[in-house]
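Trainee: I would like a close look at a single part of this model, the place where the two chains meet. Please go on from there to the salt bridges and strands of the partner chain.

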Amino acid sequence: MPISITNNLPESHVTFEHVTFGYNEAHAVEDVTFSIERGNFVALIGPNGSGKTTLIKLAMGLEKPQSGRVLLFGEDIKRFRSWHRIGYVPQFASAFRVRFPATVADIVKLGEYKGIDHTAIFRRGISPAAEKALLLVDMWDLRHRLISELSGGQQQRVLIGRAMVHQPELLIMDEPTSGVDQAGQEQFYTLIRHLRETRKVTVILVSHDIGVVLHEADKIACMNCRLQSYTDVNELSDKDLSALYGHKVDMVVHRHE
Amino acid sequence: MPEIFQYSFMVRAFIAGGIVGLAAPLLGTFLVLRRLSLIADTLAHVAITGAAIGIFLGHFPVLVAIITSAIAAVILERLRTSRFMASDSALALVLYTSLSLALIILSIGNGVGIDLFGYLFGSVVTVGKGDVWASVGLGVAVLAIVWLLYSELVQSTFDPDMARVSGVPVNRVNIVLAVLTGITVTLAMRIVGGLLVGALIVFPVLASLQLGRGFRTTLLVAGAIGMVSVFTGLTVSFYQDIAASGAIVLTALSLLAIVSGLKALKTRKSAPLKSQG
């Protein structure tokens, strides 16, 4: 089969091509086209119900587009099987609503999944990869604690550890710092900076906190069912944001320089 | 040999009940943590309807119950994952549909009600060789599936979306869990009755979760509590001449109360009350 020559650059990690999706009659995501390149840190922003979470679900194949298509690492999501290349951190795991009986180490080890394995039930101990991930998210000392006993910020770090254990090239996160205190937030972005510097991880982050993402991300996608704008963070204007949120927004960017 | 084992029906009840008592909480651990405790109750009602159909047709009520319950499990799972309706609405829909079918069968079939009584409340004396063999088969299947799909079951219980992004075939795993639950519920119904089956799936798990241990330990302890409850309940019912199903479920409840009490004592000891004022 000849390789189709499209205008996707080979280093594109996620590509949306005219993607439309809706739960009922109304479209949650409408005709979205853009691509996220290797090493980018893209923040998805927009008001509530603007389709941000739906868009990342489409990116991971958790929802199927009604029209258009999604490519992951250049491959159509329908045929995509290289799940180890992706790490996903949801806002919270459904297990956090119950007293899930697992330790921090158990959860991080879940990230090592490689298919049906009859020895999984007998496996004890912590692999070097899991140890590294636990150290990375600074949860090594708490590795034997039950996750239900942790704070929101700590649980979030465990989920990131779980996502990082197989060293993904693409990390997709849905509002990872909501409900996390200031110190926890600071720690989170320090970790993301570290991951980007050391591992060149591509990051897609859904966020409500425009102030923070403006000086952490390098690209901003403004969603309001449609993609309103997709620009470098420096090029984003007050006008873009005001149009997105329907009222005047002043950008106050505190840069660290 | 103790008197209780001189009756072959009690020996059969101990074998079938022990296996079901182990299998029910093993599956129950995954169901409770998915907040699907009531799925057992719904499938039990379907199984009662299945048994009613079997009695009405005059053939293999247990087998018909197993088949209907397994089919209902698949339908439930499909309804649950579709956006058609919420999870608990799907449970209600299947439960009441099957119950109304059962009532209609009761009204047109003479004498179905008398035989169905045993399926509603459990009937240790009618547990036959077929039940024993079916339970052995089920026990082996549940242990094998939990062993082989352990990681998949844990992953999809922890968070289905995260599991999918890790490459876990979540939908297929869920169907397997639902069908096994349907079969377990039907066989457990013979011992504890359709109305109390849910308790055997849920109570031992609640007790085990109180221990605050890891997943594997929780799973094994829940299974052990289920088995102990069945053995104790059967023994008490035999010597005191009371309903086995009630005795089994109340034993499980007592174990839950004891574990919770011990836990409360322990936390009080380790964290002394702050001085007031």
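Mentor: What follows starts at the interface and then moves into chain A.

The model is predicted. At the interface, 35 residues of chain B are in contact with 38 residues of chain A. Together the two chains bury about 3100 Å², and 63% of that area lies on carbon and sulfur atoms. Three residues of chain B, namely B:Phe158, B:Met162 and B:Val165, supply 25% of the area that chain B buries against chain A, more than any other three residues.

The charged part of the interface can be stated briefly. Between chain B and chain A the count is 1 salt bridge. It joins the side chains of B:Asp161 and A:Lys57, with N to O at 3.4 Å. Side chains of opposite charge can pair when their charged atoms come close. Polar contacts across the interface of chain B and chain A come to 13 residue pairs, counting pairs with both residues at pLDDT 80 or more.

Several helices build the side of chain B that touches chain A: α1 (8-33), α6 (129-148), α7 (150-158), α8 (160-165), α10 (197-210) and α11 (215-240) of chain B each supply at least two residues. The largest share of that side, 7 residues, comes from α7(B). Sorted by class, the side of chain B that touches chain A has 17 nonpolar, 9 polar and 9 charged residues.

Now to the salt bridges beyond the interface. Over all chains, a search of the whole structure finds 12 salt bridges. One of them is formed by A:Arg226 and A:Glu30, whose closest N and O atoms are 3.1 Å apart. This pair links distant parts of the chain, as A:Arg226 lies in strand β10 (residues 226-232) of chain A and A:Glu30 in strand β2 (residues 29-37) of chain A, 196 residues apart. A:Arg226 has a relative accessible area of 41%, so it counts as partly exposed. A:Glu30 is also partly exposed, with a relative accessible area of 26%.

A salt bridge between the side chains of A:Arg85 and A:Glu169 has an N to O distance of 2.8 Å. This pair, too, links distant parts of the chain, and its residues are 84 residues apart. A:Arg85 sits in the loop between β5 (75-76) and β6 (86-89) of chain A, while A:Glu169 sits in the loop between α4 (152-164) and β7 (170-174) of chain A. A:Arg85 counts as partly exposed because its relative accessibility is 24%. A:Glu169 is partly exposed at 30% relative accessibility.

A:Glu149 and A:Arg145 form a further salt bridge, with the closest N and O atoms 3.3 Å apart. A:Glu149 is partly exposed at 46% relative accessibility, and A:Arg145 is partly exposed with a relative accessible area of 35%. Salt bridges that share partners also join A:Glu17, A:Arg69 and A:Asp76 into one network.

The strands of chain A come next. An open sheet is formed by 4 strands of chain A in the order β2-β1-β4-β5, with antiparallel pairing. β2 and β5 of chain A stand at the edges and have a single partner strand each, so one side of each is left without a neighbour in the sheet. Within this sheet, strand β1 (residues 12-21) and strand β4 (residues 67-72) of chain A pair in the antiparallel sense over 5 bridges. A:Thr15 has A:Leu71 in β4(A) as its bridge partner.

Strand β7(A) takes part in parallel pairing. β6(A) and β7(A) pair in the parallel sense over 4 bridges, and A:Gly87 has A:Leu171 in β7(A) as its bridge partner. β7(A) also pairs in the parallel sense with strand β8 (residues 202-206) of chain A, over 5 bridges. In that pairing, the bridge partner of A:Leu170 in β8(A) is A:Thr202.

The side chains of β7(A) are divided between two directions: A:Leu170, A:Ile172 and A:Asp174 point one way, and A:Leu171 and A:Met173 point the other way. Residues pointing either way are buried. With 5 of its 5 residues buried, β7(A) is therefore largely enclosed by the rest of the structure.

Methods. Residues are numbered from 1 along each chain as its sequence is written. Chains are lettered from A and ligands numbered from 1 in the order in which they are written. This is a predicted model: local features need pLDDT of at least 70, side-chain atom pairs count only at pLDDT 80 or more; totals for chains, interfaces and linings use all residues. Side-chain values use heavy atoms; hydrogens and water are left out. Contact means heavy atoms within 4.5 Å. Buried area is the accessible area (1.4 Å probe) that two parts lose on being put together, summed over both. A salt bridge is a side-chain nitrogen of Lys or Arg within 4 Å of a carboxyl oxygen of Asp or Glu. A polar contact is a pair of N or O atoms within 3.5 Å; within protein, one must be able to donate a hydrogen and the other to accept it, and residues adjacent in sequence count only if both atoms are side-chain atoms. Ala, Val, Leu, Ile, Met, Phe, Trp, Tyr, Cys and Pro count as nonpolar, Asp, Glu, Lys and Arg as charged, and the others, Gly among them, as polar. Buried means under 20% relative accessible area, exposed over 50%, partly exposed in between (1.4 Å probe, protein chains only). Two strands pair if DSSP finds at least two bridges between them.
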